[in-house]
Amino acid sequence: MKYRMPAMYEEFHCLGGDCPDNCCIGWEVSIDEETAARYRALEGPLGDKLRETMVEADGEMQFPLTKGSCPFLDGDRLCSLHREYGEEFLCRTCREYPRFTNEYGELIERGLSFSCPEAAQMMLSNPKPITFTLKSDDEPVTKPNDIPAELFLQLRPLRQQLMGILQDRSMPVWMRAGICLKLARKAQERIDQRRIGSIAKLREKYSRLQVLEKQKVKLQKKEADGFSVRVAMSKRILQLEPLTGRWTGFWEQIRRSQKMELMLPHHADIEHHALAQLIRPREYEYEHFLVYLIYRYFLEGVYEGDVYWRVKFAVFSLLAVAELDLRMMQTLGGELPQAAQADLMSLYSKEIEHSPDNMAALKKALTGKGKFGRHELIAALRDLLDAE
Ligand code: SF4
C-alpha cells in the first residue's frame, strides 16, 4: 500500500479543553454501525445512557445536541467518554477527526480538515508551500475497488499540476485560481467526450509558459459583473443551513453592507484594494486553503468523472472567505490577524464541508445553469486582481 499525506500531518495534536471552538459543539456526530452495535450491546448504566441518548436520523445513528453540544461533553469541555474509557471507545468520526482519509485502491491519502481550528492554524502558520510525503509498506490491497484506471492515471498528475499552478507565486493567487478553473474545464470537456487519453496533451500544453501567459491576459478581460456575483454568492450562502449563530451573523453583516455598497458603488473597489494590499504578503494563506481543497476533493471526481465542479468549489470557497475577510477587516479597524483568518477558514470549512446538505446545495449551484459559471467566478476573481 502507498500512503500520501501533508508533511505536517503527524505533528497534529488536539487542543482538548483549550480548543477555542471544539468539535463537540455545533454539529451532530454520526455514529458508525460497528460502534452503534457495540454501544447497544453494552451492559450497565453507561450502556443504558448510550441507548437512551442515541437516535436515528437520516438513516444513521447520532447523538442529538444538548444546548448546542454533544451530550457527552463535560464541564471542562472534554469528552467524558474519551476521558473515562479511552479513545478506542469512541465512534470512528470522533477517533479520527480532524483527520480524513480518501482511498484509491492501493493508494490511501490522508489529511487534516481545515474545520479544526488547530489544524487550520498549523496549515496557515507556515508560509512555505504545503508539501506531501508518500510512504509505502508491504500491506496488500484487500478491499475491491471500481476505480476507472485510465481516468485515475490522468487525474492524479492533473491534480499535481493544479496544485503546482496554485503554488506558483510568480502571479497573484486570484490569477492562479482562474487558470486552474480554465484547465479543469478543459479536462472536464475531455472526460465528457470520453477522450481521456487527450488529458495528457492538455497537461503538457498548460505546462508551457506561453500558454500560461496567454491565459493570464485572457483572465484580465471583462467577462461579467463581479460585484453582482459577490451579492449572488452571499445570498446563496445565506440560504444554506447554518450550523452556528456566528456564521449567520457574519453573512447577515455582509448582506447589509452590500446593500450600502449598491448606493455607494466605489466602496466595493476601495474594499478590495484594502484587502488585496493587506493580504499580498500573506497570499500563501489563500494558497494553502486552495491546495487543501484540491488535495481533498479533486481526485474523488474519478468515481463519477466530475472534476470541474470540484475546482469551482475551491474557487467559490476562496471568494467566500475573501468576503468574510473584508467584513472581519472592517470590524478590526483594517487589520486581519492570522488567527482571525484561521478562525474564518475553519468556520467556513465546518459550515460547508461538514454538512452534506450544504455541500449538495453548493454542488447544484456550481453545476447547473446557475449564477456561478466560469464567467461569473472569473469576474469575481478579476475584481480582486484589479485591486492588486
Ligand atoms: S476542533 Fe480540533 S483541536 Fe478542537 S477539540 Fe476538536 S480535534 Fe481538538
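What follows is a working chat about a predicted model, its domains, sheets, core and ligand shell.

Biologist: Before we start, what sort of model is this, and how are residues numbered?

Modeller: It is a predicted model, in which local features need pLDDT of at least 70 and side-chain atom pairs count only at pLDDT 80 or more, while totals for chains, interfaces and linings use all residues. Residues are numbered from 1 along each chain as its sequence is written.

Biologist: OK, which domains is the protein divided into?

Modeller: The division gives domain 1 (24-96) and domain 2 (147-388), with bounds that come from an automatic or database domain assignment. Taken over C-alpha atoms, the centres of domain 1 and domain 2 are separated by 35 Å.

Biologist: And the largest nonpolar core, how many residues does it have?

Modeller: The largest nonpolar core has 93 residues, where a core is a set of buried Ala, Val, Leu, Ile, Met, Phe, Trp, Tyr and Cys residues joined through C-beta atoms within 7 Å. A residue is buried if 20 or more other C-beta atoms lie within 10 Å of its own, exposed if 12 or fewer, and partly exposed in between, with C-beta atoms placed from the backbone. Those with the most contacts inside this core include Leu162, Cys180, Leu290 and Val311.

Biologist: Which helix gives the most to this core?

Modeller: Helix α14 (residues 308-331) does, with 14 residues; helices (H or I, at least four residues) and strands (E, at least two) are DSSP runs, numbered from the N terminus. The core also draws at least three residues from each of domain 1 and domain 2.

Biologist: Switching to sheets, what is the strand order in the four-stranded one?

Modeller: The order is β5-β6-β1-β7, in an open sheet with mixed pairing, and two strands pair if DSSP finds at least two bridges between them. Since β5 (99-104) and β7 (132-136) stand at the edges with a single partner strand each, one side of each is left without a neighbour in the sheet. The twist averages 20 degrees from one strand to the next, with axes that are lines fitted to C-alpha atoms, for helices over the stretch in contact, and angles that run from 0 to 180 degrees between N-to-C directions.

Biologist: In what sense do β1 and β7 pair, and over how many bridges?

Modeller: Strand β1 (residues 2-6) and β7 pair in the antiparallel sense over five bridges, and within that pairing Pro6 has Phe132 in β7 as its bridge partner. β7 is hardly covered, since the count of buried residues among its five residues is zero.

Biologist: What about β5 and β6, how many bridges there?

Modeller: β5 and strand β6 (residues 107-112) pair in the antiparallel sense over six bridges, and Thr101 stands opposite Arg110 in β6. Their hairpin has two residues between the strands, and Gly105 takes a positive phi near 65 degrees there.

Biologist: And what is the order in the three-stranded sheet?

Modeller: That open sheet runs β2-β4-β3 with antiparallel pairing, and its edge strands, β2 (29-31) and β3 (55-57), each pair on one side only. Neighbouring strands are turned by 50 degrees against each other on average, direction ignored. β2 and strand β4 (residues 60-63) pair over three bridges, and Val29 has Phe63 in β4 as its bridge partner.

Biologist: Now the ligand, which residues surround it?

Modeller: The ligand is surrounded by Cys14, Leu15, Cys19, Asp21, Asn22, Cys23, Tyr97, Pro98, Cys116, Pro117 and Glu118, where a residue is near a molecule or strand if its C-beta atom, placed from the backbone, lies within 6 Å of it. These divide into eight nonpolar, one polar and two charged, with Ala, Val, Leu, Ile, Met, Phe, Trp, Tyr, Cys and Pro counted as nonpolar, Asp, Glu, Lys and Arg as charged, and the others, Gly among them, as polar.

Biologist: What kind of peptide bond joins Tyr97 and Pro98?

Modeller: A cis peptide bond joins them, with omega about 5 degrees, and Pro98 is found in the loop between α4 (92-96) and β5.

Biologist: Last one, is Lys67 buried or exposed?

Modeller: Lys67 counts as exposed because it has 7 C-beta neighbours inside 10 Å. Lys67 is found in the loop between β4 and α3 (80-85), and its phi is near 50 degrees, a positive value in a residue other than glycine.
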